[in-house]
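Me: I would like to learn how to read a chain interface and an aromatic pair. Could you walk me through an example?

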Number of protein chains: 4
Amino acid sequence: MLDRLRRLIEENDSPAGRAFDLTIQALIVLSLVTFSIETLPDLSPRAQRWLYGIEVATVAAFTVEYLLRLALAERKLHFAFSFFGIVDLLAILPFFIATGVDLRSIRAFRFLRLFRAFKIVRYSKAIRRFHRAFVIAREELVLFVIITLMLLYFSAVGIYYFEHEAQPKQFASVFHSLWWSVATLTTVGYGDIYPVTVGGKIFTFGVLLIGLGIVSVPAGLVASALSKARAMEDASEKASEMRNR
Amino acid sequence: MLDRLRRLIEENDSPAGRAFDLTIQALIVLSLVTFSIETLPDLSPRAQRWLYGIEVATVAAFTVEYLLRLALAERKLHFAFSFFGIVDLLAILPFFIATGVDLRSIRAFRFLRLFRAFKIVRYSKAIRRFHRAFVIAREELVLFVIITLMLLYFSAVGIYYFEHEAQPKQFASVFHSLWWSVATLTTVGYGDIYPVTVGGKIFTFGVLLIGLGIVSVPAGLVASALSKARAMEDASEKASEMRNR
Amino acid sequence: MLDRLRRLIEENDSPAGRAFDLTIQALIVLSLVTFSIETLPDLSPRAQRWLYGIEVATVAAFTVEYLLRLALAERKLHFAFSFFGIVDLLAILPFFIATGVDLRSIRAFRFLRLFRAFKIVRYSKAIRRFHRAFVIAREELVLFVIITLMLLYFSAVGIYYFEHEAQPKQFASVFHSLWWSVATLTTVGYGDIYPVTVGGKIFTFGVLLIGLGIVSVPAGLVASALSKARAMEDASEKASEMRNR
Amino acid sequence: MLDRLRRLIEENDSPAGRAFDLTIQALIVLSLVTFSIETLPDLSPRAQRWLYGIEVATVAAFTVEYLLRLALAERKLHFAFSFFGIVDLLAILPFFIATGVDLRSIRAFRFLRLFRAFKIVRYSKAIRRFHRAFVIAREELVLFVIITLMLLYFSAVGIYYFEHEAQPKQFASVFHSLWWSVATLTTVGYGDIYPVTVGGKIFTFGVLLIGLGIVSVPAGLVASALSKARAMEDASEKASEMRNR
């Protein structure tokens, strides 16, 4: 009996286990949707009552699930402090602690629970491949992040000196300029802050020419790492086939 | 006689068949252009009369074509419910049903008929390669879409908590924030909604650094899948050459 | 004497020929700079006189060069109607024809003459590789352009139906909506036109998710084509080495 | 004694040397942070005193470090005029020269000193790979920069003729239009300048279709160059393994 319950909850190789997992996933999505709707202004009292009802129901279900997982875990402390153990707890705790602090934001972290879904196989191979690709390209990616941060800082300092006098409010400090760096080098370009002086515009041109080259590198990194990961996979598959013969 | 008509309409290996196909393509483009022009405000009555005339003519041609295709199809029901069968019907139906509902939008779907053009060979090889590449990278692409959706939701919730108080109208709810997520992570950045608080800006920076990395992944996926598809093609071509010797 | 002049102008394998080419290149850049400066508003009469002087001098030099090239060409008509022959003529003609029509814009096409510079070797190998890559990926690129055009049109029609009523001025017709499609799918996002309705925003989200996937494809296409072109180059180099042994 | 000091400062293979390097790195980051904070408007006199104190302390440390490096260098002039020698000097000089000119901007160049950090190994392999990839793709990248510059100029001239009359202030000259070219072809799209005429919009569409294709090329270039660099690395590693056997 206990074994079957464990298999139901922890595995998904039986139809019942898969149904259990899908139900939990649906409840998570439902609770995220209600959470999002609650943030809408001007909700009618009736809608609020409905949303509260759904919230109580989902939290009840999650609490039962959490306690079951805890009870069935062979190493209870290990589960309680594992990534998913903490995420599962954070998904229900804010409801029970009614403090003055606004804990609603934590509820949104329930979306992390959705990652459990990836256990439902299928994608695990793709995830493993991504993981391997990131391991292959790790050093380059870290290097890229460092260079990007330096470039952002350098751009911010540069544009500060070009634009500070012309737009003392927009480019009030290097920190304000950093916001410009981020919006520009990612090519988002909201249009809330942009250079107006000739020097600033020429500087922007130079920074973009270099910056876009740098920003385009990680795509190449991940691409080549992924194809290498795929090649390694194919090679190890062939090797295991050879062994099995 | 019937066979020749069938070959004219369904195949394009004869000069007449190719001419027929090109005529239909031209009529589709013409009907799309007139449809677009009709949406222009302040059209003179004369222009409207002309447009209506062209619309009648193209619909007449399409109706004849549809009936011919239906008559010549060996399995009539199969054609009627096939993708192109439905598209062909949707291209003419709105004209005949004059209801209060505005069916004009359906007319725009005529552009789907243009896909018939791809039968005109040449690109079919490239399409097949794309198709193969998508099959190869399918799992990763689905995974990527899921991760992107999660990232969009997470960003929306995060920015909501940072900006809701400072801009209660712009970031009115998680749904309003989702619009910001979409505009920002795709780097479109219309500028109708952007963070103004220090926390919101730093959060945006973090989200963009991670988000752009994720957005750059599918390009790599498709690239490596395409080159693999090309390699598979070359290999199978060589194999068939060997066989033919 | 004639032979030496021909070698001076048409080849660049001698120091004098190279000096001649560099001088012409410098004159082209100079004439483009003066052309750009002339468009500046509020130029002093003195600056205008200077600019006119430079213009006269460069056109004189280009005219001499053109006549020399024509005189030295073995097949004069062939040169006169070749790409560079026409470009060279267009570079000087607007100066001599003083009509009411503003021919100044043609002067800007002088920048095409800069492409002559690529004769100065070095990059010709890279250009050849690009050319080969484009030939390899030609079919896919044409297909991509067609799909992009279809997507742009489809997005325009879609957003027109969502936003026309809410913003009758911005989204006045399908053509106005096309401008939105272009600005959005290229992620430029000027911010002069954007959806405000819930339906329009959701539609934009969907279009962007699909559209960015499509936009990221050509990068992959060119990348894999380039690496294949490079591989073919290496292979043919090895083959010619083998032959030379 | 002298040898040990030299090893401490110039190498980082001993724990003390590593600690020294990390301390210097921390001081550089600290001085950059204080420099950035100083640009904030409305600083209290107390904060300014603190910042000045930190500035004095870091400059003192950097001065001692510079003099030590100079004293320990075997070829003093070579160090003084080396890249890092000049950067190290620029990091302290502005403090000692109190002229009317604002030398504060030079202080920001201290961030260049952070590159010393890359000596701390680990990333040197990734840097070497990047370097090799850039050498492989150098010709193509230079070619790409030239084509991009030409495209920017051509777009600027084109949009000038389309928009100058409609928006004489925004598109006042070819140089003003160049700013539009930069903001558009990089897809930043601040929204401070954009076409409003039908011709200008169609021109923008054409330029973007071609321009984005060109902008997507360098990503492919670097990607294929990086994977080639990686392959060369693997090959040379295997070769050296073979030799060691």
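Reply: Happy to! Chain C and chain B have 5 residue pairs in polar contact, both residues at pLDDT 80 or more (N or O atoms within 3.5 Å; within protein, one able to donate a hydrogen and the other to accept it, with residues adjacent in sequence counted only if both atoms are side-chain atoms). This is a predicted model, where local features need pLDDT of at least 70 and side-chain atom pairs pLDDT 80 or more, while totals for chains, interfaces and linings use all residues. Residues are numbered from 1 along each chain as written, chains are lettered from A in the order written, and side-chain values use heavy atoms, without hydrogens and water.

Me: How are aromatic pairs described?

Reply: By the distance of the ring centres and the angle of the planes. Over all chains, the whole structure holds 28 aromatic pairs (Phe, Tyr or six-membered Trp rings with centres within 6.5 Å; planes under 30 degrees apart are stacked, over 60 edge-to-face, the rest tilted). D:Tyr160 and D:Tyr161 are edge-to-face, because their planes stand at 85° with the centres 5.3 Å apart. D:Tyr160 is buried at 3% relative accessibility, and D:Tyr161 is partly exposed at 27% (buried is under 20%, exposed over 50%, partly exposed in between; 1.4 Å probe, protein chains only).
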